[in-house]
2 protein chains.
Amino acid sequence: MLSGTAEYALRAVVCLARQPDGQSARANDLAEATGVPRNYLGKILHDLVRAGILESARGKKGGFKLAVRPEDLTLLQVVSLFDNIGVGAERRCLMGRPECGGADPCPVHHRWKDASEAISSFFEETTVGDVLSDERREGKPVA
Amino acid sequence: MLSGTAEYALRAVVCLARQPDGQSARANDLAEATGVPRNYLGKILHDLVRAGILESARGKKGGFKLAVRPEDLTLLQVVSLFDNIGVGAERRCLMGRPECGGADPCPVHHRWKDASEAISSFFEETTVGDVLSDERREGKPVA
DNA sequence: CAAGAATACGATATTAACATGAAGTTATCG
DNA sequence: CGATAACTTCATGTTAATATCGTATTCTTG
């Protein structure tokens, strides 16, 4: 459903959202907490910074932190940087017919549309804040 | 959502289901009709044969045809040969938590489960016959 | 039974995703 | 100001999916 990269990004963002007072966490600690390879996560984190989802600081007290409030950050914003999901997705006909799905969608395409929109809606409507409320019981900050 | 290979298989199967009287079609014609590379499609067709979904015949009057009735063939049966979808799918926690989803699923996982099951259900409950009824207006046999 | 037509199958090439390693840059702190 | 810690960036390696090619095998037909 999600690429490994997108899932990595999601885990890292949720880890950061768990930090108390919006404290920043270092890439190394995030890598350990999420189980994502250090250098690979570095790239992903940087992508998230360039997208305005995270902020980074260099130097001794550096690290990453969320640039927005968890409740204002949808999973789609994170995931769509790496995967083709959601509004911009190609959502093309399952059978490869280019013109299908416009007016008068046939029964199968209608059903397919419903199913694939369930996925899109999930990512669009779920925020990182929503995830946090789940994790509160066992969630521990990274650093 | 689907790998290219799974989608190729789906298109080929639907093409074959369109054949009148269960006539067989040759790999070359299927390749042209579906837009799938000839040799690559050959492998996919062979996989479908080994799975019992198609029958093949060699020689001059050879080709491929459905081994089951379109109404008895779900999209899942075709797709699951190539992608990890449906009942056997790993359907693991989005956040990578190994133990989640058992008793007392948290709100997000509940929502995620609903969405991903919508996809599974679509593939499980839709048959190739269902697809055919859509295509009837414009569908033309391969050979 | 020989020729032709089709699938079967293994070897190889290409591409994108995933991952690693090392050197470069910037900020903090003593 | 120098040392250290952290992000940044580029180059490279690995793996799996995708695609191609050539040959072997099998069936039909004349």
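Modeller: What follows starts at the DNA and then moves to the helices and loops. This is a predicted model, in which local features need pLDDT of at least 70 and side-chain atom pairs count only at pLDDT 80 or more, while totals for chains, interfaces and linings use all residues. Residues are numbered from 1 along each chain as its sequence is written, and chains are lettered from A and ligands numbered from 1 in the order in which they are written.

Take DNA strand D. It has 27 residues around it. A residue is near a molecule or strand if its C-beta atom, placed from the backbone, lies within 6 Å of it. Ala27(A), Gly4(B), Thr5(B), Pro37(B) and Gly59(B) come nearest to DNA strand D. Both chains supply elements that give two or more residues to this surface: helix 2 (27-34), helix 3 (38-50) and strand 2 (63-66) from chain A, and helix 1 (4-18) and helix 3 (38-50) from chain B. Helices (H or I, at least four residues) and strands (E, at least two) are DSSP runs, numbered from the N terminus. Helix 3 of chain A gives the most, six residues. By class, the surface near DNA strand D has seven nonpolar, 13 polar and seven charged residues. Here Ala, Val, Leu, Ile, Met, Phe, Trp, Tyr, Cys and Pro count as nonpolar, Asp, Glu, Lys and Arg as charged, and the others, Gly among them, as polar.

Now DNA strand C. Around it are 25 residues, and Gly4(A), Pro37(A), Asn39(A), Gly59(A) and Ala27(B) come nearest. At least two residues each come from helix 1 (4-18) and helix 3 of chain A, and from helix 2, helix 3 and strand 2 (63-66) of chain B. Helix 3 of chain B has the largest share, five residues. The classes are six nonpolar, 13 polar and six charged.

Next, two helices of chain B. Helix 2 (residues 27-34) and helix 3 of chain B pack at about 110°, with axes 9 Å apart. Axes are lines fitted to C-alpha atoms, for helices over the stretch in contact, and angles run from 0 to 180 degrees between N-to-C directions. Helix 2 and helix 3 of chain B are therefore roughly perpendicular (65 to 115 degrees). In helix 2 of chain B, Ala27(B), Asn28(B), Leu30(B), Ala31(B) and Thr34(B) meet Arg38(B), Leu41(B), Gly42(B) and Leu45(B) of helix 3. This contact of helix 2 with helix 3 in chain B has five nonpolar, three polar and one charged residues.

The loops come next. Asp21(A) sits in the loop between helix 1 and helix 2 of chain A, and its phi is near 55°, positive in a residue other than glycine. Most residues other than glycine have a negative phi. Asp21(A) counts as exposed (12 or fewer other C-beta atoms within 10 Å, C-beta atoms being placed from the backbone), with 6 such neighbours. In chain B, Asp21(B) lies in the loop between helix 1 and helix 2. Its phi is about 55°, positive although Asp21(B) is not a glycine. Asp21(B) is exposed, with 6 other C-beta atoms within 10 Å.

Last, Ile119(B) in helix 5 (residues 107-125) of chain B. Ile119(B) is buried (20 or more other C-beta atoms within 10 Å), with 20 of them. Leaving aside neighbours within four places in sequence, Ile119(B) is in contact (C-beta atoms, placed from the backbone, within 7 Å) with Ala115(A) and Ile119(A).

Notes
Parallel < 35°, antiparallel > 145°, perpendicular 65-115°, else oblique. Contact = placed C-beta atoms within 7 Å.
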